[in-house]
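Me: Hey, could you walk me through this one? I'd like to hop between a few regions and ask things as they come up.

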Amino acid sequence: MAVLDSGVDATHPDLAGRIVAARSFVEGEDVTDRNGHGTHTASTVAGTGAASGGKERGVAPGADLIVGKVLDDSGSGPISGIIAGMEWAARTEHAKVINMSLGTPAWHTQDDPLSQAVNQLSAETGALFVIAAGNSGNSPYSVSAPGTADAALTVGAVDAADHLADFSSAGPRMNDDALKPDLTAPGVDVLAARSQLMSSGEGYYRTDSGTSMAAPHVAGAAVLLAQKHPTWTGRRIKDALMSTSARTPGYSPYQAGTGRLDVGTAYLQDQVVASGSVDAGLVPWSKDRSPKPVQRRITYTNTTGHPVTLRLQVDRGDTPAGVFTLAADRVTVPARGTSTVTLVADPRGLRPGQYAAQVTAGFATGAVHTAAGLSVESEKYGLTVHLKDRAGKPVSGEVEITGADGKTMIMWVPNGTLTSRWAPGSYTVVSTLDVPGGNGPHSLGYAVLAAPELKLTSDMNVDLDASRIRRIKVATPKPTSVTTARIDLYRSFTSSLPTPADDRALHEILMPSSAYDSLWALPSKSKVTQGCFVFTTRFRAEQTPLNITYDGQRLDDALLVQPGSAPFHDGSAHVDAVFAGNGAPADYTGLHARGKAVVVRRSDEVTPADQAAAAHAASAAMLLVVNEGDGRGYDWYGDPDQRATGPLPVASVAQDDGERLIRTLTATGKRRAGLAVEAHPAPAYLYDLADYHRGGVPRDPSPDTDPGSLARIDNTFSAPAGKQILESREDSPSYEYWPAAYPYSVYGGTRVPPFPREPVTTRHRTDWVSAGNGVKWQQYASIDGWSTFTDITSYRPRSVHGEHWFGPVTRPRMLSFEVPHRVGDAMGGTLAGFGDGGSAHSGDTGLMSRSFALYQGDRLLMRNGPRPDFGVGDLDPRKLPYRLVADTQGNTDLTPYSSTTHTEWTFVSGNADDQAIPLAQLDYGTDLDGRGRAARTSDFSVDPVVVGSDAAKDAVTSVGLEVSYDDGASWHRQALKHDQGSWRTRLHAPARAAYVSIRVTAEQRNGGGVRQTVNRAFGLR
């Protein structure tokens, strides 16, 4: 028998000597099980129990095991690899029983490739596929593919008391309401072999739960029957196991099949085998409501040498009387023959829903039973989706259908057409397709096809035709390459404006991989008329990291710097290129590669690490790897630890451009050509673009990159010694509560995943960002142990801003979502304490210390805990004076600046429904070098901002500044000039001074204010 899973620990004592064939269908991984799932299931089937003195034997310890690794070490695998494993096990290895403790919770019909492969291989080879039902819970239509296949023996899970596990997926099957699962088996806290290659746990055994654990119990029982009855087909074994199961009458066959596996009865009571189940199927809704009775035949097989008479009866359970009736109450089955009995399912007068029963056949030495099912459809109509490729021809693929009730179903469209049935109402249909890209026949594009609004009142058709798609072009004013992309489709059926509060809205988030060189979208024929729809495009496009030209040919979108690559040399260079086959050491024989660009083909025979090592050993300047398939290649070329970069720069080249380069190299006879290389490993500029198209997908879905639609942000990065800065920026769409990387987000607060934080190696970088049109941004920077961030901000088009990261001045600085709020007699807020760069940043760190306290007058109300948030209750309802006092202590190992700070906010507060308390925050501006030092004569500004209110009554009316050049021993008042919200002065530092300390007072018109002292705020040069 075969186990298709995450591989196996062949050295485990319980499996030693039991494996007769093994093969991995996971690229780059051998059959070894580092996940543990495969070893657990394999030992449940056929473990010998050797590690426990025989105690923990599997169900069929004498079985020979065939192991196919179709799931990688993380527990997932591509559909193509799983199907290849199925074909190998059934056709090549001739496995009689194949256990598949796997599935995809996205698919619930049997139209998908996995389920179709189960049905085809079962019919072709007679193999029995035993498949886990899934772990999506007991809700209807949750059985997952390929357990949805007719031919599969689909297994749910029960505990030791035969209670259905709360995770065990239930039927019926989607789209045709077929009867599934087929039976159950123990799947809760199952003890079985632990792979010794797992990184967690200890010992030879471990417990696990899931239908994955239940399926191998059934597979083991199937093996025992196959051993006893070698001529039985997979279908006969399936019927035998189902019809002899221990009934679980507390559950419908649509939840638990015929019952719980009973190995002993199946093995010993094999005189009569009944059909495991008969399904009357789905009675479609019709306006005339005149359904007709449905007939099905139950087959009984007599395996003995004498006739057997069966006494038949229907156990209808909760089903109304008369729904299921038998044509006879007894039948005699001839010796070694079969007999059939007609079962009639009568849907007349039934309300919509599922109805089930068990037909029991008793005989002298036992009984067998058959599950029967009938589903009566509520009012529904056919929705036929026609999926077409770039040429307008039918194509298979996934489609996602979402209704106004918030339920989303993902279905496979076989051969370009799928009809499914839905209740009348409004629906949105979405699909994505791989299409030809923009750089030759082997380039890869990613297309989004959507029908935002379908009003289903009768049978209807919808075309998702990729021949009408339009390219989403990122045409920035300066040359760039897209490094990260996101497409959102938001659809609310009830709200006219996008909102995160609509928990029934469709929120589809797509983040195409770097294999795609272009993105495409299908324009909508019209805008939605009810609710709202948003088509969002979000891009980060950076200064082109690598461009290569040769002989008039230009490689741009075809190139992709590989993860783990050493940085390319910044700037322009000319280098000769040579071709080195597959990049194995032997390919360098007689090749002069020193200082050259080596071009190789990607190969399964030579790992990326070995290709890089061979090129490095040949003293190559860089490695260019030509991809062997569609799209752009993406492999790890760094150290095996998946962290450190490799020994030389590496980039992939798409197949069409790469093969053209190889032909140039080989045509000369010298395997050499000159390349002009321009590289920018640290971008001097980038574009963050976000566009929200409401109502539908526009005719031109490209982002707006006109300079008049952008704002400019000049970033200055001042990394503390030995620290690497990571930076990112997130948009804040109106259908999300917060941006994706919001620092105080709770679970479920954002659904959009964050863009990756990227290392910053330049001191200055200019960013252009989308401005206006409701676009809001939040920017983040972090070093190991310290994270800082801006407010959630919208920018005016053509405006210019500055952000300073990790340089002086570091001090407590609140943002709009941190400022305290008064709610009734309670008050709460967040005071992180470490806003950096003198900018409008907040930040938190464990590398420095903070303390803060809240007073009403002189009465202490609270002191902070380890978290930056605080809250107090039972406050006096009257308007009374309060003080929020914060102190921080610096860390000279991190930075010599802001050695201590003291900040004190004063304000008046009384009972309010929910009111932000307007507190003045202090930002600072001065010209500093990379070490945080100003000139001895330099300009300095204090830029107060009131957070929590824009009202004139809360504005800052005056600012005072004192400076100290001797760490606070003496202070000198500075004259300030007020200009458009900024108070400016000019500092004149003594010759021997090394630092500037500041003490600032800002008063508000409402009587509140802030006083802030920063010792060693910045240095002097």
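Reply: Happy to. Let's start with strand β24 (residues 444-456) and strand β29 (residues 518-521), which run parallel and are joined by 4 bridges. Within that pairing, G445 stands opposite S518 in β29. Keep in mind that this is a predicted model.

Me: What strand order does the sheet with β24 and β29 have?

Reply: The order is β21-β20-β23-β24-β29-β26, an open sheet of 6 strands with mixed pairing. At the edges stand β21 (408-413) and β26 (470-471); each has a single partner strand, so one side of each is left without a neighbour in the sheet.

Me: And remind me, what holds strands of a sheet together?

Reply: Backbone hydrogen bonds: strands of a sheet pair through them, either parallel or antiparallel.

Me: What share of the residues is buried?

Reply: 56% of the 1021 residues count as buried. As for contacts with a separation of 6 or more, residues 24 or more positions apart account for 74% of them.

Me: How many of α4's residues are buried?

Reply: 16 of the 18, so α4 is mostly covered.

Me: Now T1013. Where does it lie?

Reply: T1013 is in strand β64 (residues 1009-1020).

Me: Buried or exposed?

Reply: T1013 is buried: its relative accessible area is 14%, and the cut-off for buried is under 20%.

Me: What is T1013 in contact with, leaving aside its neighbours within four places in sequence?

Reply: T900, T901, H902, W971, I998 and R999. I998 is 15 residues from T1013 along the chain, and their C-alpha atoms are separated by 5.7 Å.

Me: Let's go to the other end of the numbering. Where does H12 sit?

Reply: H12 is in the loop between β1 (2-5) and β2 (19-24). H12 is buried, with a relative accessible area of 0%. Not counting residues up to four places away in sequence, it touches A51, A193, R194, Q196 and Y204.

Me: Back to strands, then. How does β12 pair with β10?

Reply: Strand β10 (residues 272-274) and strand β12 (residues 294-302) pair in the antiparallel sense over 3 bridges. There, V273 stands opposite T301 in β12.

Me: And how many bridges join β12 to β16?

Reply: 8 bridges, with β12 and strand β16 (residues 338-345) running antiparallel.

Me: What about β28, why call it enclosed?

Reply: 4 of the 5 residues of strand β28 (residues 506-510) are buried, so the rest of the structure largely encloses it. β28 pairs with strand β27 (residues 480-492) in the antiparallel sense, over 5 bridges. The bridge partner of D488 is I509 in β28.

Me: Last one: what's the order in the open sheet of 4 strands with β48?

Reply: β52-β48-β47-β55, with antiparallel pairing. The edge strands, β52 (869-872) and β55 (915-916), each pair on one side only. Further in, 3 bridges join strand β47 (residues 821-823) to strand β48 (residues 826-830), and H821 has G828 in β48 as its bridge partner.

Conventions
Residues numbered from 1 in each chain as written. Predicted model: local features only at pLDDT ≥ 70, side-chain atom pairs only at ≥ 80, totals over all residues. Heavy atoms only, no water. Buried < 20%, exposed > 50% of the residue type's maximum accessible area, 1.4 Å probe, protein only. Helix = DSSP H or I, 4+ residues; strand = E, 2+ residues; numbered from the N terminus. Contact = heavy atoms within 4.5 Å. Pairing = 2+ DSSP bridges.
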